[in-house]
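Have the sequence and the 3D view open as you read.

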Amino acid sequence: MELKKDTLCVQAGYSPKTGESRIPQICQSTTFFFGDTQAMADCFDLKSDAYFYSRLANPTVTALEGKVSALEGGKAAIGCASGMSATMLTAFTLCEAGDNIVSSASVYGGTFNLFGTTLPKLGIECRFFDPDATAEEIESLIDEKTKFIFGETIANPSIVVFDFDKVAEIAKKHGVLLIIDNTLASPALCNPFKFGANVIVHSSSKYLDGHAAALGGVIVDGGNFDFKGNPRYPAFNLPDESYHGLVYANLDAPFATKCRAQMIRDLGAIMAPQNAFLTYLGTDTLALRMERHSKNSAKVAAFLASHPKIAWVKHASLPNDPYHERANKYLPNGQGGMMSFGIDGDLSLCAKFMESLNVITQETHVADCRSCILHPASTTHRQLSKEDLEKAGVPENLIRLSVGIEDADDLIADLEQALARI
Ligand SMILES: *Cc1c(COP(=O)(O)O)cnc(C)c1O
């Protein structure tokens, strides 16, 4: 029986046997007991899935991995130390020096830096495309060394909704993986595997945790990409000499197996049991929370769009938003809590507005149960000139708002009184 999201949120990933704890325990142990040598040897041959060292797998982390994988409809998942490490490990599972990545330019700032600055230092090039680029423009960036195409379901902070149909078709045509960062939609609102993605990455520090309690990331393998005989991926088709000649393409979840057996083994960056436990608890209410985040943000967006002191609002729930139609297709049950809007005024007016808020608080974080707000031009982007801000798509008057699960009327009243002060 295929269970619905609300059921998976509270049931998937862990099923205790008689007398065992109802929810996963925090398995705070680096290492595991073995009675005989052969049992341990089997682990190193990937013939046994017994736990032996928490850098490779840990029962608490397994519970969370199972739940996120079930929610995404994937084959296997890997809990990572952070969202950034999930993306980093994903890139290293596929790329080596001389390879390249083709990525939407509308991605999270940390990802933009990883792809644009850090990976090039290791000989991995990134070719960015405008989210509104044509299929021909995107295709012109792909060559035989391209290992994956990357984008975000809902981009942070531009709130662009990814054009799955267009990009998935290109990926398919060229036999290249499509990797999607699904952080801001969460598996409750969108399942990218249904729209052609092959691997999904999450920053679980956001909606999956939902309480701003634990940093983490999750990689999910859709198990839906045929590596076998694909000349683009020799590392999946040739024996891995660091793993007794294992050929990943022959396995059920080639990507996740290579990522864990090779990259987690060599690079670490695994999720801590304590963080997996907190995130597991958070995901119990994911579907419920995403419903409220989406309802609240639609109400707040409509309020802001009708306010005379607001120049513009970006949220896909608004009928005139450029991504409204796309959101109807890929995010039919809600568009999540992230939005941005522009105050009709200059830097000082924006600052005055921010200081006047009482319920909504200033934070650099997004996507947890409490509403939070940021004015990039006076904080994260304060080094940039007015012209550079425009170029970065972050105009001086842009305010980023992450709508929480409070009562929407309280949020609107707070915004209204702050706007009355400017
Ligand atoms: C926050 C975020 C990340 C990075 O995640 P961390 O857990 O902070 O490392 C990656 N992608 C998106 C879309 C994010 O919002």
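Two strands count as paired here if DSSP finds at least two bridges between them. Keep in mind, too, that this is a predicted model. With that in hand, look for an open sheet of 7 strands, whose order is β1-β7-β6-β5-β4-β2-β3 and whose pairing is mixed. Strands of a sheet pair through backbone hydrogen bonds, either parallel or antiparallel.

Which strands stand at the edges? They are β1 (76-80) and β3 (125-129), and each has a single partner strand, so one side of each is left without a neighbour in the sheet. As you go from one strand to the next, the twist averages 20 degrees.

Now zoom in on one pair. Strand β5 (residues 177-181) runs parallel to strand β6 (residues 199-203), and the two pair over 3 bridges. Within that pairing, Asp181 sits opposite Val201 in β6.

Helices pack against this sheet as well. Helix α4 (residues 83-94) lies across β1, β4 (146-152), β5, β6 and β7 (217-221), and its direction is at about 155 degrees to β6. Helix α10 packs on the sheet too, where it touches β1, β6 and β7 and makes about 30 degrees with the direction of β1.

Next, the inside. The largest nonpolar core has 96 residues, and Leu94, Phe148, Ile149, Leu177, Ile219 and Phe227 have the most contacts inside it. Helix α10 (residues 254-267) turns up again here: it supplies the largest share of this core, 6 residues.

Leaving aside residues up to four places away in sequence, Phe148 touches a set of residues including Ala91, Leu94, Phe115, Val176 and Leu177. Apart from this core lies another, of 25 residues, among them Phe303, Val313, Cys350 and Ile360.

Back in the sheet, find Ser103 in strand β2 (residues 100-104). Is Ser103 buried or exposed? Its relative accessibility is 0%, so Ser103 counts as buried. Setting aside residues up to four places away in sequence, its contacts are Phe115, Cys126, Arg127, Phe128, Phe129 and Phe150.

One of those contacts leads on to the charged pairs. The structure holds 14 salt bridges. In one of them, the side chains of Glu125 and Arg127 meet at 3.2 Å, N to O, and Glu125 is partly exposed, with a relative accessible area of 39%. Glu125 and Arg127 also belong to a network of salt bridges that takes in Asp143.

Another salt bridge joins the side chains of Asp163 and Arg326 (3.4 Å, N to O). This pair links distant parts of the chain, with Asp163 in the loop between β4 and α7 (164-174) and Arg326 in helix α13 (residues 324-330), 163 residues apart. Asp163 has a relative accessible area of 17%, and since buried means under 20%, it is buried.

Glu291 counts as partly exposed at 40% relative accessibility, while Lys295, at 51%, counts as exposed.

Key:
Residues are numbered from 1 along each chain as its sequence is written. This is a predicted model: local features need pLDDT of at least 70, side-chain atom pairs count only at pLDDT 80 or more; totals for chains, interfaces and linings use all residues. Side-chain values use heavy atoms; hydrogens and water are left out. A nonpolar core is a set of buried Ala, Val, Leu, Ile, Met, Phe, Trp, Tyr and Cys residues joined through side-chain atoms within 4.5 Å. Buried means under 20% relative accessible area, exposed over 50%, partly exposed in between (1.4 Å probe, protein chains only). Helices (H or I, at least four residues) and strands (E, at least two) are DSSP runs, numbered from the N terminus. Contact means heavy atoms within 4.5 Å. Axes are lines fitted to C-alpha atoms, for helices over the stretch in contact, and angles run from 0 to 180 degrees between N-to-C directions. A salt bridge is a side-chain nitrogen of Lys or Arg within 4 Å of a carboxyl oxygen of Asp or Glu.
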